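Please look over the sequence and the structure shown here before reading the short report below.

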Amino acid sequence: MNASSETLLRNFSLRSTPTREQIIHLFLKKNYALSHGDIEKEITDELDRVTVYRTLKTFLDKGLIHKVLDDEGSLKYALCNEACTLTGHHHDHVHFKCVMCGQTNCLNVNVPPVKLPKGYKANEVNLLIQGICERCS
Ligand SMILES: [Zn+2]
Ligand SMILES: [Zn+2]
Ligand SMILES: [Zn+2]
């Protein structure tokens, strides 16, 4: 990912605001899934929680970031790939949480197809694998 925060915002027809730029910049810089708390901690400017929450919600709706479920039940967010748009998120990739560094990453690996019992229809698939990441092993 080498797009700048400004380009990303423009591509998604989002008005550029300092908050939006800072949050996107953080995602680009960190390269792993961030929780609401992580974002608040990293942003030095005085930002209220509501602004952070609203910005994340906008990004989520626009297809710029996606939810990453964590084992602790907390929600994290990661940047989407190009396939995601306003109309929806298009990825079923695996998330990997490292028990050593605690980082959760998007893996370029698809969730294997799961056969559901009759009458069940999946809307969304989340798969979190826990283990030791490339950097820590
Ligand atoms: Zn997405
Ligand atoms: Zn690790
Ligand atoms: Zn992901």
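This is a predicted model: local features need pLDDT of at least 70, side-chain atom pairs count only at pLDDT 80 or more; totals for chains, interfaces and linings use all residues.

Residues are numbered from 1 along each chain as its sequence is written, chains are lettered from A and ligands numbered from 1 in the order in which they are written, and side-chain values use heavy atoms, with hydrogens and water left out.

Three strands make up an open sheet of mixed pairing, in the order β5-β4-β6; strands here are DSSP runs (E, at least two residues) numbered from the N terminus, and two of them pair if DSSP finds at least two bridges between them. The edge strands, each pairing on one side only, are β5 (104-110) and β6 (128-131). From one strand to the next the twist averages 35°, taken between the N-to-C directions of lines fitted to C-alpha atoms, on a scale from 0 to 180 degrees.

Strand β4 (residues 93-98) pairs with β5 in the antiparallel sense over four bridges, and N105 in β5 is the bridge partner of F96. Their hairpin has five residues between the strands, and in it G102 takes a positive phi near 80°.

The structure holds zero disulfides, a disulfide being a pair of cysteine sulfur atoms within 2.5 Å.

| Residue | Relative accessibility and class |
|---|---|
| C98 | 1%, buried |
| C133 | 8%, buried |

Methods: Buried means under 20% relative accessible area, exposed over 50%, partly exposed in between (1.4 Å probe, protein chains only).
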